[in-house]
Amino acid sequence: MEHELKWNQLKKQELKKVEEYAKGYMNFLDSSKTERECAKEIIRLAELNGFKDIEYYQKKGKITAGSKVMINHKNKSVLLFVMGTESLEKGFHLVGSHIDSPRVDLKANPLYEDGNLALLKTHYYGGIKKYQWGCIPLAMYGVLFTKNGKIEISIGDKEEDPVFCINDLLIHLSAKQMEKKASVVLEGEQLNVVFGHIPVKSEEKDTIKKNVLNILLKEYGIEEQDFLSAEIEMVPAGKSRFVGLDKGLVGGYGQDDRVCAYASLKGILEITSPKYTACCLFADKEEIGSTGNTGMNSKLLENVISELVDLEGEYSGLKVRRALKNAKMLSADVNAAYDPTFSDVMDKQNCAFVGEGVCVTKYTGARGKGGCSDANAEFLHEVITQFNKAKVVWQTGELGKVDAGGGGTIACFLAEYGAEVLDCGTAVLNMHSPFELSSKFDIYMTFLAYRMFLS
């Protein structure tokens, strides 16, 4: 099957919209390096567009059609609702993405000194190729609680900031290392972050460690014991960039899954009075199985729907169950784009291509569809019919050949309620790497798809 780029379908005015959307998306990427930073940016943009925290409506005692409701869940997950003219019991339209990305987290006792360096011990988060994280500039983001209160840190992305680095072995001495499998070329316990080098003038031990602790105390009010309860993440430093001489691709960290998160956010910000309530869910912890109290394996969605049904009046548990069962949901997550350099793991007839539009994925999973939500043919037909009517350019795609590997999304957790669920998102190159690539055309079509579905 021959694949043609769909750029030539766009008129001049539409191409201008693609460019404007890409620039806005890149700004979002640059301000959303972690799930906390991403949640903060989503809330900021939502508030600018009239969304109010659910507590505002709880004080009023009711919600009505057109109410814009926001739920900030522990500063790591966010839900946005635009209430419809129909009751929630009749169902709602949800686009659910995740805002966490693979990264390297600090351990509880990270700081030590060795070899005239101050170093930080880490534990990687999510599925990464560990060797990709050596020898690249890293930024540090996180939250600590000191005796003076909460401290938020962001070091490495401002022009004047220092950056950090995980060392790798020099090629001259790496004969044995080069014989290892790629999974252990850099091992988990070797992902130690270079944190400092200058010693203080002292006869005591660990003078370099003491110096960086002095800097932390002076500039941030942080003491070593504060790391024990901290959440600190190391992510690639630097801004997103256009890629290619024609600037046709967006390159940057965290596009899985912030490309879908931004598209759904932009979509719901343009919704005013839908028939069925529109909802965008931005979840945490997808990259480690959606576990924990901010992941989709929690009762977050169910609890929030219960609150909203109560604000509609005449609450009942049955109405909550009906609302969830009657819902229609897009699991907004990325899929693997065809890479001609690594074509052997792709079924070219059934994979997604950059520049071919938003990717509709009937099922994900590993090998025998393990752990997936296999969408009903009826719902898949309904969605693509609506895409065609709205002139949304779409394609289908699978995550590689049957036994090549695989992966999952939050679709299976949404489907537990009996709702109709379909995976739908952007095709990405270099997925889970420090620098992922997406097509400007595809990210714009993803936005159009979500906006249509929500409305």
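Let me start in a loop: Asn116 sits between β5 (103-114) and β6 (117-125). Strands here are DSSP runs of E, at least two residues; helices are runs of H or I, at least four; both are numbered from the N terminus. Phi of Asn116 is near 60°, positive in a residue that is not glycine. Asn116 is exposed, at 54% relative accessibility. On cut-offs, buried is under 20% relative accessible area, exposed is over 50%, and partly exposed is in between, with a 1.4 Å probe and protein chains only.

Some ground rules. This is a predicted model, where local features need pLDDT of at least 70 and side-chain atom pairs count only at pLDDT 80 or more, while totals for chains, interfaces and linings use all residues. Numbering runs from 1 along each chain as its sequence is written, and side-chain values use heavy atoms, with hydrogens and water left out.

There is another positive phi. Lys247 has about 60°, and it is not a glycine either. Lys247 belongs to the loop between β12 and β13. It is partly exposed, at 48% relative accessibility.

Asp257 is in helix α5.

Now the helix α1. Does the span agree or disagree with 1.5 Å a residue? It agrees: 19 residues should span 27 Å, and the end C-alpha atoms of α1 are 28 Å apart. The expected span is 1.5 Å times one less than the number of residues.

Which residues of α1 are buried? Val18, Tyr21, Ala22, Tyr25, Met26, Phe28 and Leu29. They cover an arc of only 155° around the axis, so they lie on the same side of α1. That arc is taken from the directions from the helix axis to the C-beta atoms. On the other side of α1, Lys12, Gln13, Lys23 and Asn27 are exposed. The cover over the buried residues includes α2 (35-48), β12 (241-243), β13 (249-252), α5 (255-269), β23 (436-439) and α10.

Trp7 is partly exposed, with a relative accessible area of 23%. Leaving out residues up to four places away in sequence, Trp7 touches Leu15, Val18, Gly248, Gly355, Ser439, Lys440 and Phe441. Contact means heavy atoms within 4.5 Å.

On to the rings. A pair of aromatic rings is described by the distance of the centres and the angle of the planes. The structure has eleven aromatic pairs. One of them is Tyr21 with Tyr444, edge-to-face, 5.9 Å centre to centre and 75° between the planes. This pair links distant parts of the chain: Tyr21 is in α1 (residues 12-30), Tyr444 is in α10 (residues 440-454), and they are 423 residues apart. For the cut-offs, rings of Phe, Tyr and Trp (its six-membered ring) pair with centres within 6.5 Å; planes under 30 degrees apart are stacked, over 60 edge-to-face, the rest tilted. Tyr21 is buried at 5% relative accessible area, and Tyr444 is buried at 9%. Ring pairs also join Tyr21, Tyr25, Phe28, Tyr262, Tyr444 and Phe447 into a cluster.

Charges over rings come next. The charged end of Arg103 sits over the ring of Tyr125, 3.6 Å from its centre. Lys369 lies over the face of Tyr363, 4.0 Å from the ring centre. The test is NZ of Lys or CZ of Arg within 6 Å of the ring centre and within 35 degrees of the ring normal.

Last, the cores. In soluble globular proteins, nonpolar side chains tend to be buried together. Which members of the largest nonpolar core touch the most other members? Ile42, Leu80, Phe282, Phe387 and Tyr450, out of 61 residues. The largest share, eleven residues, comes from α10. A second, separate core of 34 residues includes Ile71, Val309, Ala323 and Phe413. A core here is a set of buried Ala, Val, Leu, Ile, Met, Phe, Trp, Tyr and Cys residues joined through side-chain atoms within 4.5 Å.

One more residue: Leu330, in strand β15 (residues 328-331). Leu330 is buried, at 0% relative accessible area. Not counting residues up to four places away in sequence, its contacts are Leu94, Val95, Gly96, Val383, Leu422, Cys424, Tyr450 and Phe453.
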